[in-house]
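Visitor: I would like to know what the words used for this model rest on. Please take me through it step by step.

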Amino acid sequence: MNYTTEWIKNYLKGHDIKPSNIRIKILDYLLNNRIHPTVDDIYVNLLDDIPTLSKTSVYNTLDLFLEKGVVNAVALREKELRYDIGTDYHGHFKCEKCEKVYDFPITEKPIIEDELEDFTIKNKDIYIYGICKECNEKHKKDQLNK
Ligand SMILES: [Zn+2]
Ligand SMILES: [Zn+2]
């Protein structure tokens, strides 16, 4: 899907956010790069486009997006948070080799919710760590070529 500036502006307004140039560019990046980027990833990629960009402004924009429910924060075993434009309920698989983060759907209701009947759940995360399919296939090929 291609997102027009008009669509992005309306999306921001719909989330109660004033659509400034930086906010539009960052949301555009998130929508078109579903890689769960860090502040650094976003900063480096937008710098050519917005030479006046600072890391602080990227950080502040993401903080606002978080507050307004435009993105979710993904806390993998890393120093930096990653940001996720997919705010529906899904799990994350992190490959320990290539460090890519994959989304996967979750259909079953986690058992833990029954135990938390009178609790208010605000956020649910499922994280799985391991080796992704691509890295596994690459490893198999490398073994064959030995
Ligand atoms: Zn991998
Ligand atoms: Zn995700």
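Predicted model: local features only at pLDDT ≥ 70, side-chain atom pairs only at ≥ 80, totals over all residues.

Visitor: Why is glutamate 99 called partly exposed?

Guide: Its relative accessible area is 46%. Buried means under 20% and exposed means over 50%, so a residue with 46% is partly exposed.

Visitor: What is the phi of glutamate 99?

Guide: Phi is near 65°, a positive value in a residue other than glycine. Glutamate 99 takes this phi in the hairpin of S3 and S4, which has five residues between the strands.

Visitor: Which residues coordinate the zinc ion (ligand 1)?

Guide: The SG atoms of Cys95, Cys98, Cys132 and Cys135 coordinate the zinc ion (ligand 1), at 2.2 to 2.3 Å. A donor must lie within 2.8 Å of the metal, so these atoms count as donors. Their spacing along the chain is C-x2-C-x33-C-x2-C. Cysteine 98, in the loop between S3 and S4, and cysteine 135, in helix H6 (residues 133-144), are 37 residues apart, and the pair links distant parts of the chain.

Visitor: What makes the arrangement around the zinc ion (ligand 1) tetrahedral?

Guide: The angles do. Four donors count as tetrahedral if all angles lie between 85 and 135 degrees. Here the four donor atoms subtend angles of 106 to 114°, so the arrangement is tetrahedral.

Visitor: Are cysteine 98 and cysteine 135 buried or partly exposed?

Guide: Cysteine 135 has a relative accessible area of 11%. That value is under 20%, so cysteine 135 is buried. Cysteine 98 has 32% relative accessibility and therefore counts as partly exposed.

Visitor: Which residues coordinate the zinc ion (ligand 2)?

Guide: The donors are His36 (NE2), Asp84 (OD), His90 (NE2), His92 (NE2) and Asp103 (OD), at 2.0 to 2.2 Å. Along the chain they follow the spacing H-x47-D-x5-H-x1-H-x10-D. Histidine 92 in strand S3 and aspartate 103 in strand S4 are 11 residues apart, a pair that links distant parts of the chain.

Visitor: Why does histidine 92 count as buried?

Guide: Its relative accessibility is 4%, and buried means under 20%, so histidine 92 is buried. Aspartate 103, at 41% relative accessibility, counts as partly exposed.

Visitor: Where is histidine 36?

Guide: Histidine 36 is in the loop between helix H2 (21-32) and helix H3 (39-46). Its relative accessible area is 2%, so histidine 36 is buried. Histidine 36 also has a positive phi of about 55° although it is not a glycine.

Visitor: What makes the link between histidine 36 and histidine 92 a polar contact?

Guide: The pair of N or O atoms must be within 3.5 Å, and one must be able to donate a hydrogen and the other to accept it. The side chains of histidine 36 and histidine 92 are joined at 3.1 Å. The side chain of histidine 36 also makes a polar contact with that of aspartate 103, at 2.8 Å. Leaving aside neighbours within four places in sequence, the residues in contact with histidine 36 include Val74, Arg82, Tyr83 and Val101.

Visitor: Which residues of H3 are buried?

Guide: They are Val39, Ile42, Tyr43 and Leu46. These residues cover an arc of only 100° around the axis, which puts them on the same side of H3. An α-helix has 3.6 residues a turn, so residues three or four places apart point the same way. H2, helix H4 (55-67) and strand S2 (82-84) are among the elements that cover the buried residues of H3.

Visitor: How many helices and strands does the protein chain have?

Guide: The chain has six helices and five strands, in the order α-α-α-α-β-β-β-β-α-β-α from the N terminus. Of its 146 residues, 31% count as buried.

Technical notes: Residues numbered from 1 in each chain as written. Chains lettered and ligands numbered in written order. Heavy atoms only, no water. Helix = DSSP H or I, 4+ residues; strand = E, 2+ residues; numbered from the N terminus. Buried < 20%, exposed > 50% of the residue type's maximum accessible area, 1.4 Å probe, protein only. Contact = heavy atoms within 4.5 Å. Arc of directions from axis to C-beta. Donors = N, O, S within 2.8 Å, 3.2 Å for Na, K, Ca; no water. Tetrahedral: all angles 85-135°; square planar, octahedral: opposite > 155°, others 65-115°. Pairing = 2+ DSSP bridges.
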